[in-house]
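Here's a quick walk through one model, with the cut-offs spelled out along the way. Have a look at the sequence and the structure first.

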Amino acid sequence: MLVPVRLTVAELLRDRLGLTGTKVSCEMQVCGVCTVLVDGDPVSSCATLACDLDGTEVLTVEGLARGRDLHPVQEAFMDANALQCGFCTPGFIMMAVALLDAHPDADQAEVREWMDGNLCRCTGYDPIETAVTVAASRLAAATAEDGQ
């Protein structure tokens, strides 16, 4: 797909591809709302040019579920009531997925550090941190089951 040089990843996803799970808020790379994963790394899609991602894998919140089965991080956010208005939730979920992929045994300090760049104005951060630690436990249990 050819894209204009100045088109951001967020604009490409939302306006051209219809993937509206990625939200846009600050448009200055400071709130984390627009976080997507590029080759597994969290990236602010509002400040990243789409043309710079040629040949990379971009994962959005829409790509996490497998059919009707939500990703364990998505389930944990629901179970821990870690969402209220839901606007910031996709960015937090994508950051949590990146964290748990890189550090499956992340402790609370690591969770806080990784989530620090994401802002929420509704729920407070305790439910979000709980959701990430719940997801970590569930992913570890699933990995242990698969290994047996």
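## Ground rules

This is a predicted model, where local features need pLDDT of at least 70 and side-chain atom pairs count only at pLDDT 80 or more, while totals for chains, interfaces and linings use all residues. Residues are numbered from 1 along each chain as its sequence is written, and side-chain values use heavy atoms, leaving out hydrogens and water.

Cys31 is in no disulfide, and the nearest cysteine sulfur, that of Cys26, is 3.6 Å away. Cys31 counts as buried because its relative accessibility is 5%; buried means under 20% relative accessible area, exposed over 50%, and partly exposed in between, using a 1.4 Å probe and protein chains only.

For Cys51, the closest cysteine sulfur is in Cys46, 15 Å away and so too far for a bond. Cys51 comes out as partly exposed, at 31% relative accessibility.

## Helix α1

Elements here are DSSP runs numbered from the N terminus: helices are H or I with at least four residues, strands are E with at least two. Helix α1 covers residues 9-16, and its buried residues are Val9, Ala10, Leu12 and Leu13. What do they pack against? The buried residues of α1 pack against β1 (35-38). Just after α1, Gly18 takes a positive phi of about 75 degrees.

## α2 against α3

Helix α2 (residues 72-79) packs with α3 at an angle of about 125 degrees, their axes 9 Å apart. The axes are lines fitted to C-alpha atoms, for helices over the stretch in contact, and angles run from 0 to 180 degrees between N-to-C directions. That angle makes α2 oblique to α3: under 35 degrees is roughly parallel, over 145 roughly antiparallel, 65 to 115 roughly perpendicular, and the rest oblique.

Who meets whom? On the α2 side it's Val73, Gln74 and Phe77, and on the α3 side Thr89, Phe92, Ile93, Ala96, Val97 and Leu100, with contact meaning heavy atoms within 4.5 Å. The residues of this contact split into seven nonpolar, two polar and no charged.

Thr89, in helix α3, is buried at 8% relative accessibility. Leaving aside residues up to four places away in sequence, Thr89 touches Phe77, Ala82 and Leu83.

## α3 against α4

Helix α3 (residues 89-102) and helix α4 (residues 108-115) pack at about 135 degrees, with axes 10 Å apart. That makes α3 oblique to α4, and α3 passes α4 in a right-handed crossing. From α3, Phe92, Met95, Ala96, Ala98, Leu99 and Ala102 meet Glu110, Val111, Trp114 and Met115 of α4. Nine of the residues in this contact are nonpolar, none polar and one charged.

Not counting residues up to four places away in sequence, Leu99 touches Pro104, Ala106, Glu110, Val111, Trp114, Met115 and Val132. The C-alpha atoms of Leu99 and Pro4 are separated by 31 Å, with the two residues 95 apart along the chain.

Notes: A crossing is left-handed if the near helix is turned anticlockwise from the far one by less than a right angle, and right-handed if clockwise. Ala, Val, Leu, Ile, Met, Phe, Trp, Tyr, Cys and Pro count as nonpolar, Asp, Glu, Lys and Arg as charged, and the others, Gly among them, as polar. A disulfide is a pair of cysteine sulfur atoms within 2.5 Å.
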